[in-house]
Amino acid sequence: TQLFVPNGSVFLNEDVNNEYRISDLNLGLVFEKNEKKIFLRDNFVFHKQWSQDRGSLLMNYTDEILQNRKYDDQHFSNRLAGGRFIGKQLVRFNSEIEWLKTPQYLNVVPGQMMNVLNDEQPYEMTQQNVTFNKFKFDNTIGLTKKLGNWDISPYMGFKYTESKVNSSIFLSNEDKIDTLGDGYLNNIRSRKGHLFISTDFSYERNKWRMRLSVPYNFFVFHIDQQGRNVINNNRQSVTPSLSVNFSIDQNNRLSFKSRYGRDFIDLDNLYNAFILSSYRNIQRYTADLLQTDELNSSVNYEYKNDLKGNFATLSYNQSFMKRGYTFRNELDELGRTVTSIDNRSSNSTTHRIKGSFSRYFWQLKTIVKASGLLGLGMSDYLLNDIFAQRKMYQHGASLDVSNSLISMLNVDYKSRLSFLKSDLAGAQSNKILVNSHFLNFVLYLTDASSIFVDNSYYLYKNNSQKNQYFLDITYRYLLKRLNADLELSGQNLFNRQGYVQQFSTDYQVVQSFFNLRPRQVLLSILFRL
């Protein structure tokens with residue numbers, strides 16, 4: 001991992017070994033009634049998951065760190081949806097009830113984040129307990145009335161959400177356990193009410209289709225921390241959206257979409273005291289009404305000719321976002337990060353052009369599709385008290401070819417190319433180039449036997465990593481009397497030892513090297529009931 005701080009870079013090497021033990025239970029029941037004048041569907045779901053995860057890593061080739069995590073996730077929901085004709089009017093309604101509870105436990109050995117948790121002094125172990133509870137009640141009702149070429153659909157609804165977060169951090173040192181103070185104890189309860197009223201107008205005539213929606217939203221927020229009220233406020237917003245479609249002729253169509261929205265960050269993610277998310281990341285998102293204004297617009301052209309097998313699209317999308325806050329990140333020389341919220345506004349802008357063309361060659365029984373992408377983005381970020389702007393440049397291309405000219409052979413080829421560059425504070429920049437090729441084919445030897453061959457080729461613009469080629473082959477034979485498939489498969493036949501993956505965020509580039517299992521041959525039989 002390379003982290004780009006304003007005055008240089010921080011390099012981290014983490015040799016990771018994780019073990020997961022997960023038990024998962026899902027129960028569901030669906031009731032449905034579908035008649036001429038009424039439709040009802042009720043879906044009941046209960047989900048429970050138990051997990052015990054153990055992780056060990058060697059940090060920068062010297063420091064061994066152990067993490068143990070345990071959580072118990074319980075979730076219940078009931079969703080009722082329906083519609084009924086009253087005269088000629090269709091009345092629609094939805095109702096949802098949801099409840100969940102998630103106790104979580106985290107241990108880190110030796111204790112980390114000394115700069116935040118223990119006055120820069122080393123200690124043996126960090127222990128953290130977190131319990132999250134949430135209840136949600138969501139109801140909507142509306143109707144649709146047709147007036148000539150117009151459909152008018154008024155609707156209204158009410159949502160109520162209540163959540164609780166309790167957390168505590170303990171430090172263990174020489175058989176002594178210390179509970180940290182108020183800055184590390186959360187006892188927060190949040191309640192949010194949302195009333196919305198809207199009318200959707202739809203128009204359809206000849207070559208035109210239009211839809212306009214103007215919802216009005218009224219919010220009530222209430223948050224208590226440690227029994228003390230920290231937020232008791234009301235907000236309101238209007239979030240209009242418009243879409244227009246014009247069919248030039250039977251093959252060509254133009255469309256335009258635009259939406260403005262004012263949203264508030266989910267209160268579940270707000271807590272006034274620190275919570276540890278991993279051995280080198282700790283957060284404190286002070287409870288406040290965090291507001292985001294966003295405008296999204298797009299123009300799209302589509303060409304479609306089924307007779308000749310030609311298809312094409314071209315689109316332009318732009319997004320403008322203004323936040324009333326900024327995430328503050330404090331990063332030290334060991335990559336340890338403290339994240340909080342700063343009371344200053346931040347902006348981000350993106351522009352993106354996408355296009356594709358596909359053609360079906362009837363005589364060759366081949367489909368060819370090519371697509372491309374160009375993107376430009378800018379976003380503000382705050383790192384180590386430096387408020388700066390990240391500029392992002394992106395372009396990519398892909399090619400897909402599928403051939404079935406020979407009845408006993410199907411061939412598919414895919415190629416992907418993606419380039420991403422980020423310019424950061426302090427004249428720093430990072431680049432990621434991904435180029436991959438996949439060639440897969442299926443050979444049908446007889447009605448009962450077939451061979452599957454999967455080829456993967458990855459090209460890296462990285463001096464530390466060579467290009468890699470992977471090959472898997474599977475032979476399948478149908479046992480008709482047993483109604484089963486017999487498979488003999490060879491995986492990773494060239495015995496490649498690893499696979500590299502890269503991604504970037506606002507100020508870091510992460511390169512992950514995955515150790516792969518060695519070459520293996522597997523014989524299996526699959527029965528059909």
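Tryptophan 208 is partly exposed, with a relative accessible area of 39%; buried denotes under 20% relative accessible area, exposed over 50%, and partly exposed the range in between (1.4 Å probe, protein chains only). The structure is a predicted model, in which local features need pLDDT of at least 70, side-chain atom pairs count only at pLDDT 80 or more, and totals for chains, interfaces and linings use all residues. Residues are numbered from 1 along each chain as its sequence is written, and side-chain values use heavy atoms, with hydrogens and water left out.

The chain contains 1 helix and 32 strands, assigned as DSSP runs (helices H or I, at least four residues; strands E, at least two) and numbered from the N terminus. The C-alpha trace spans about 75 × 65 × 55 Å along its principal axes. Of the 529 residues, 35% are buried. Contacts are defined by heavy atoms within 4.5 Å; among those between residues at least 6 apart in sequence, 58% join residues at least 24 apart. The chain exposes about 31200 Å², of which carbon and sulfur atoms supply 54%; accessible areas were computed by the Shrake-Rupley method with a 1.4 Å probe, and for residues only the protein chains shown count as cover. The 63 positive and 51 negative charges have mean positions 11 Å apart. In this count Lys and Arg are positive and Asp and Glu negative, while His and the chain ends are not counted; each charge is placed at NZ of Lys, CZ of Arg, CG of Asp or CD of Glu.

A search of the whole structure finds 17 aromatic pairs. Rings of Phe, Tyr and Trp (its six-membered ring) pair if their centres lie within 6.5 Å, and planes under 30 degrees apart count as stacked, over 60 as edge-to-face and the rest as tilted. The rings of tryptophan 208 and phenylalanine 246 have centres 4.6 Å apart and planes at 40°, so this pair is tilted. Distant parts of the chain are linked by the pair, since tryptophan 208 belongs to strand 11 (residues 208–213) and phenylalanine 246 to strand 14 (residues 241–247), 38 residues apart. Phenylalanine 246 is partly exposed, at 24% relative accessibility. Tyrosine 458 and tyrosine 499 form an edge-to-face pair, 5.1 Å centre to centre with 65° between the planes. Tyrosine 458 lies in strand 27 (residues 449–460) and tyrosine 499 in strand 30 (residues 498–504), so the pair ties together parts that are 41 residues apart in sequence. Tyrosine 458 is buried at a relative accessible area of 17%, whereas tyrosine 499 is partly exposed at 24%. Both tyrosines belong to a cluster in which ring pairs link Phe438, Tyr458, Phe470, Tyr499 and Phe514.

Arginine 209 is also found in strand 11. Its C-alpha is 8.7 Å from that of serine 247, 38 residues away in sequence. Not counting residues up to four places away in sequence, arginine 209 touches Tyr203, Glu204, Ser243, Val244 and Asn245. Asparagine 206, in the loop between strand 10 (186–205) and strand 11, has a positive phi of about 50° although it is not a glycine. This asparagine 206 is exposed, with a relative accessible area of 74%.

A nonpolar core is a set of buried Ala, Val, Leu, Ile, Met, Phe, Trp, Tyr and Cys residues joined through side-chain atoms within 4.5 Å. The largest has 33 residues, of which Met113, Val116, Leu117, Tyr184, Ile282, Leu331 and Tyr381 touch the most other members. Two or more residues are given to this core by each of strand 1 (2–5), strand 4 (38–59), strand 6 (89–109), helix 1 (114–117), strand 8 (150–173) and strand 23 (366–383). A second, separate core of 18 residues includes Val130, Val165, Phe221 and Ile223.

The peptide bond from valine 109 to proline 110 is cis, with omega near -10°, and proline 110 lies in the loop between strand 6 and helix 1. Aspartate 119, located in the loop between helix 1 and strand 7 (125–147), is a residue other than glycine with a positive phi, near 50°. Aspartate 119 is exposed, with a relative accessible area of 69%.

Glutamine 508 lies in strand 31 (residues 508–515) and is buried at 17% relative accessibility. Leaving out residues up to four places away in sequence, glutamine 508 touches Thr1, Gln2, Leu3, Phe4 and Phe503.
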